[in-house]
Amino acid sequence: MNKYFMIGLSVAITAFLAINAILLFSDKSIVPKKIYVNEYERTYTSSYTEKLPKEAVTGPLAATEIFIQDSDAIEQWIINEGDYVEAGTELALLNEAESEEQRAIWEAEEDALNDELSEVRTVLRDLESAQSRQSRPTTGSSTNRDTTTTASGDTVELDVNVQLEVEVPQDGSYAAGVAEAEQRIAALETQLAVVEAQLEQNTAKPALISPIEGVVGKIDAGSMPMSIEIYSSEKLFMTYVIEEEWLEVNVDDRVFLHVDGIAQAMPGKVLRKSQLPADNSKWLDAYRALDPVDQNNPIAIYEVLIMTEEPITDAVPYGKTANASIIVNEAADAVALKDAWIFDRYNGTGNVFMLNEEGRAEAVPVTIAFDLDGKAVLSEGVAPGATVIDSEILRQFAFSPQAFLPFPSIQPDIEHAKNTNWRRYVEYLLAR
């Protein structure tokens, strides 16, 4: 009798425990529970900065090219590459017999540039008008390849070839088209200033003159047309970004540059970010040597110009390298959490578990500004001083459970204890 009674009692107790376990711990259980959480932290604010390190090369703020269509027009070069010149400095003596033909070419080029400038300005006005109306796409096209005939009967094609085609989606912004048109106008005005400077010189003593102050960068006397390139005295730093980095960098981003030989970092900002892949140049070749990058798309590399707050002195020559840190993201007085504690993350938003006033682990939405070193920097959602809990175990519950946390412990600072007089300890004990 006692044997069967004990067996039955054991079965009943086991069934009771099993049923209660199912009711308590099953996914559909509605019985309130308390859960022990040992992973939590109190939020605090701090400043966070995400930097993009890049190699940079010192280059000119602007470069002006002067073209000479007639090779016989040059009698003697006066300057060499690397020479400093002022506006109006003679670069080369012109052959008096050939100077009239070269002057005719410059006059024809002046007319072509003025016509081209007028056409591009018309396109710009159309774009600005369409931008204000947000109407249908606007396409402007302006192409000019003029020729002139010299006194000897030879036909010379002028080095004027500027084409502008801007297509803007109907639902898009016209800002890119306007910016491109303004850049073309600036380039045409520069070319026009060069030609006008040559035409204003003294015809009694013909010479090729510099339209600007700067440094002679390159003399190309072996090709047609011959050309001379003059770098402006103002310098900047040039770097390049690949496809993924291009999305991170923006105009006016702050930059800090470290140059060998200069003790302090040079502050600056991003002056321009190119929309087009960079052309082959000695600046790009230098960058590829400094920072070789494997990339799937070989042409997806873009020029970024960095202007310093203070002028770059002669102690930094053209071509000198620098280490640049571009600040692509920054937040002051922001809260940051571990990446793993954020769940249901999508497109800059997510959720975290936070202890509410009732002691429950409540899921709250957050907005993520950017990620940095394994943490998500928040722009909104969690205030400083809140208690945020690891989400891994809490996501198993269909509702917000009550949570209890381990008692926080604070370890005393040994150095502070050593430097504190024993009387302070006595006063503290008595005051309690």
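Colleague: How much space lies in the second largest pocket?
Modeller: About 200 Å³. A pocket here is an open set of points on a 1 Å grid over the protein atoms alone, where a 1.4 Å probe fits, with protein on both sides within 12 Å along at least five of seven lines. The volume is the space filled by probe spheres set on the points, which are joined across faces, edges and corners.

Colleague: Before I go on, what are the ground rules?
Modeller: It is a predicted model, so local features need pLDDT of at least 70 and side-chain atom pairs pLDDT 80 or more, while totals for chains, interfaces and linings use all residues. Residues are numbered from 1 along each chain, and side-chain values use heavy atoms, without hydrogens and water.

Colleague: Which residues line that second largest pocket?
Modeller: Among them are Tyr84, Lys235, Met307 and Asp314. Lining means an atom within 4 Å of a point.

Colleague: New topic. Where is aspartate 390?
Modeller: In the loop between β22 (387-389) and β23 (402-404). Strands are DSSP E runs of at least two residues, helices H or I runs of at least four, numbered from the N terminus.

Colleague: Is aspartate 390 buried or exposed?
Modeller: Aspartate 390 counts as buried because its relative accessible area is 17%; the cut-off is under 20%, with exposed over 50% and partly exposed in between (1.4 Å probe, protein chains only).

Colleague: What does aspartate 390 touch?
Modeller: Glu39 and Trp341, leaving out residues up to four places away in sequence. Contact is heavy atoms within 4.5 Å.
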